[in-house]
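Reader: I should like to be guided through this structure step by step. May we begin once it is on view?

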Amino acid sequence: MNTDKNRVVIFDTTLRDGEQSPGATMSHEEKLEIASLLDDMGVDIIEAGFPIASEGDFVAVSEIAKNAQNSVICGLSRANYKDIDRCWEAVRHAKQPRIHTFIGTSPLHRAIPNLTQDEMAQRIHDTVTHARNLCDNVQWSPMDATRTEWDYLARVVEIAIKAGATTINIPDTVGYTAPNESAELIRRLIAEVPGADEVIFSTHCHNDLGMATANSLAAVEGGARQIECTINGLGERAGNTALEEVVMAMKVRHDIMPFTTGIDATKIMNISRRVATVSGFPVQFNKAIVGKNAFAHESGIHQDGMLKNAETFEIMRPEDVGLSETNIVMGKHSGRAALRSKLKDLGYDLGDNQLNDLFVRYKELADRKKEVFDDDLVALVSDSAATDLDDHLQLQSMTVICGTEGPQKATMTMTVDGVEKSVEAMGDGPVDAAFNAVKAVFPHAATLQLYQVHAVTEGTDAQATVSVRMEEEGRIATGQSADTDTVVASVRAYINALNRLIIRREKGAGHDLPEVSYKDVS
């Protein structure tokens, strides 16, 4: 148990709850990479996945557990022996393993397994005891705690503590509560439940009403000393508490929230960008802390104040979260050393091979744009990472004929597993025609669920970043690409998503599709 009464433990569940966002499924390699970044930035506990859900989840959690240097590695399990045993097998090789087991305790959730209050209480006792016999670090969660009757919640929390739970997590599973309720619930549990002073209380808030960050911070005021959160607030429905928001709130407003974390905040921007890329969920421009506009000023009054004193309109410095303070323009004459230096300023430390590959793409971009800005480089790095997989499908060349009347025509050459194919296709607009051409080359049953475009920088020569999400027989994959030509970026993003679907199809349902229902967990 932490002896520093003001130390708040950061429990990151990007790889578990965050990955449950529809379309946010990450590849095995991406999960390992994100876990490494979380470990490096000082996250106390990484919830690496739900080992019983699939063989792929189990393998990923196991490898993360073996590779982690500093973080506690946690796996999630339902309240049954099979889940808990599987979870333990996955995390047992971690330097610091944790088992997290849960069951829904509200009237609505008790009805799902059709258990009486007494039957559920007994199951909680038995399963927490079983988990504690395997691991000395056990977290227990009463799912939908904020809609559970007070008397019953207090009863089962006491049972879990007596059975050996070392952390009690109180989830606001459906984002229903408000800050004053969040604080009071934690405060009352600590004051009234026997043994509560011997465990750490945790808060896990969803953002359905836009109050996840406020509810989490209120819970800390009420006595919770662990916050469950995700990078960029990724998660089910409207998402989870955003790690970057609670960390920076406690840092900036330390005067009224005298709490500390072990997070290296200068690494926030880099991991935010990486999670956005691998999940296919772009960060909204006005997102707190990590949004593109978080440190942008357009109003004349604001700009004048910033020039005289940055503190006039900024309560934190961009470099505090790892954002480059300057936006030095680079061009086609900038060399490899300058690119490496600029990327380091942006939070990217690439190996020689990665840098060489990126430099080629940078030169191609610089030939098409007069000025290459920071955001262009970020998009370039993200695009390189997004396309770094086994490409069954590759775009070779494309021409799109547009007109003010009639359908548009796309002429395209692609390779399918190394075999070159050329087609022509019509469509209602250039992007539709290009997508139809891809489908003509490679017939498939995947449906396009999301198509999103945003300009990386200003100007007619700006790069467009395109994100797509596709679904095929229950499998969901995202694709992302950036290019000064919006249609080219669109096609590459579309092909990238198809490549991911092909890989998941080849690996089979057991590796990528959940074998159990685990939506809206905690």
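Reader: On what kind of model do the answers rest?

Author: Every value discussed here is computed from the atoms of a model. That model is a predicted one.

Reader: Which residue in S14 is the bridge partner of Ala 464?

Author: S13 and S14 pair over 9 bridges. Within this pairing, Arg 469 has Thr 478 as its bridge partner in S14, and Ser 467 stands opposite Gln 480. For Ala 464, the bridge partner in S14 is Asp 483.

Reader: Which residue in S13 is the bridge partner of Leu 448?

Author: Here the pairing to consult is that of S12 with S13, which is antiparallel. The bridge partner of Leu 448 in S13 is Met 470.

Reader: Which residue in the turn of the hairpin of S13 and S14 has a positive phi?

Author: The hairpin has 2 residues between its strands.

Reader: How many of the 9 residues of strand S14 are buried?

Author: A residue counts as buried when its relative accessible area is under 20%. S13 has 8 of its 9 residues buried, so the rest of the structure largely encloses it. Strand S14, residues 475-483, is likewise largely enclosed by the rest of the structure, because its buried residues number 8 of 9.

Reader: Are H1 and H10 roughly parallel or roughly antiparallel to each other?

Author: The axes of helix H1 (residues 28-41) and helix H10 (residues 268-279) come within 11 Å and cross at roughly 165 degrees. Angles over 145 degrees count as roughly antiparallel. H1 and H10 are therefore roughly antiparallel.

Reader: Which residues of H10 does H1 meet?

Author: H1 passes H10 in a left-handed crossing. From H1, the residues taking part are Glu 30, Glu 33, Ile 34, Leu 37, Leu 38 and Met 41. They meet, in H10, Ile 268, Asn 270, Ile 271, Arg 274, Val 275 and Val 278.

Reader: How many residues of H10 are buried?

Author: Among the buried residues of H10 are Met 269, Arg 273 and Thr 277. The helix is largely enclosed by the rest of the structure, because its buried residues number 12 of 12.

Reader: How far apart are the end C-alpha atoms of helix H2?

Author: Helix H2 comprises 13 residues, 55-67, and at 1.5 Å a residue it should span 18 Å. The distance between its end C-alpha atoms agrees, at 18 Å.

Reader: Are H3 and H5 roughly parallel or roughly antiparallel?

Author: Helix H3 (residues 81-91) and helix H5 (residues 117-134) pack with their axes 10 Å apart, at an angle of about 20 degrees. Angles under 35 degrees count as roughly parallel. That makes H3 and H5 roughly parallel.

Reader: Is Asn 114 buried or exposed?

Author: Asn 114 is found in the loop between helix H4 (107-110) and H5. Although not a glycine, Asn 114 has a positive phi of about 55 degrees. Its relative accessible area is 65%, and the cut-off for exposed is over 50%. Asn 114 is therefore exposed.

Reader: Is Asn 232 buried or exposed?

Author: Asn 232 lies in the loop between strand S8 (226-229) and helix H9 (243-252). Asn 232 is not a glycine, yet its phi is positive, at about 65 degrees. With a relative accessibility of 16%, Asn 232 counts as buried.

Key:
Residues are numbered from 1 along each chain as its sequence is written. This is a predicted model: local features need pLDDT of at least 70, side-chain atom pairs count only at pLDDT 80 or more; totals for chains, interfaces and linings use all residues. Side-chain values use heavy atoms; hydrogens and water are left out. Helices (H or I, at least four residues) and strands (E, at least two) are DSSP runs, numbered from the N terminus. The expected span of a helix is 1.5 Å times one less than its number of residues. Buried means under 20% relative accessible area, exposed over 50%, partly exposed in between (1.4 Å probe, protein chains only). Two strands pair if DSSP finds at least two bridges between them. Axes are lines fitted to C-alpha atoms, for helices over the stretch in contact, and angles run from 0 to 180 degrees between N-to-C directions. Angles under 35 degrees count as roughly parallel, over 145 as roughly antiparallel, 65 to 115 as roughly perpendicular and the rest as oblique. A crossing is left-handed if the near helix is turned anticlockwise from the far one by less than a right angle, and right-handed if clockwise. Contact means heavy atoms within 4.5 Å.
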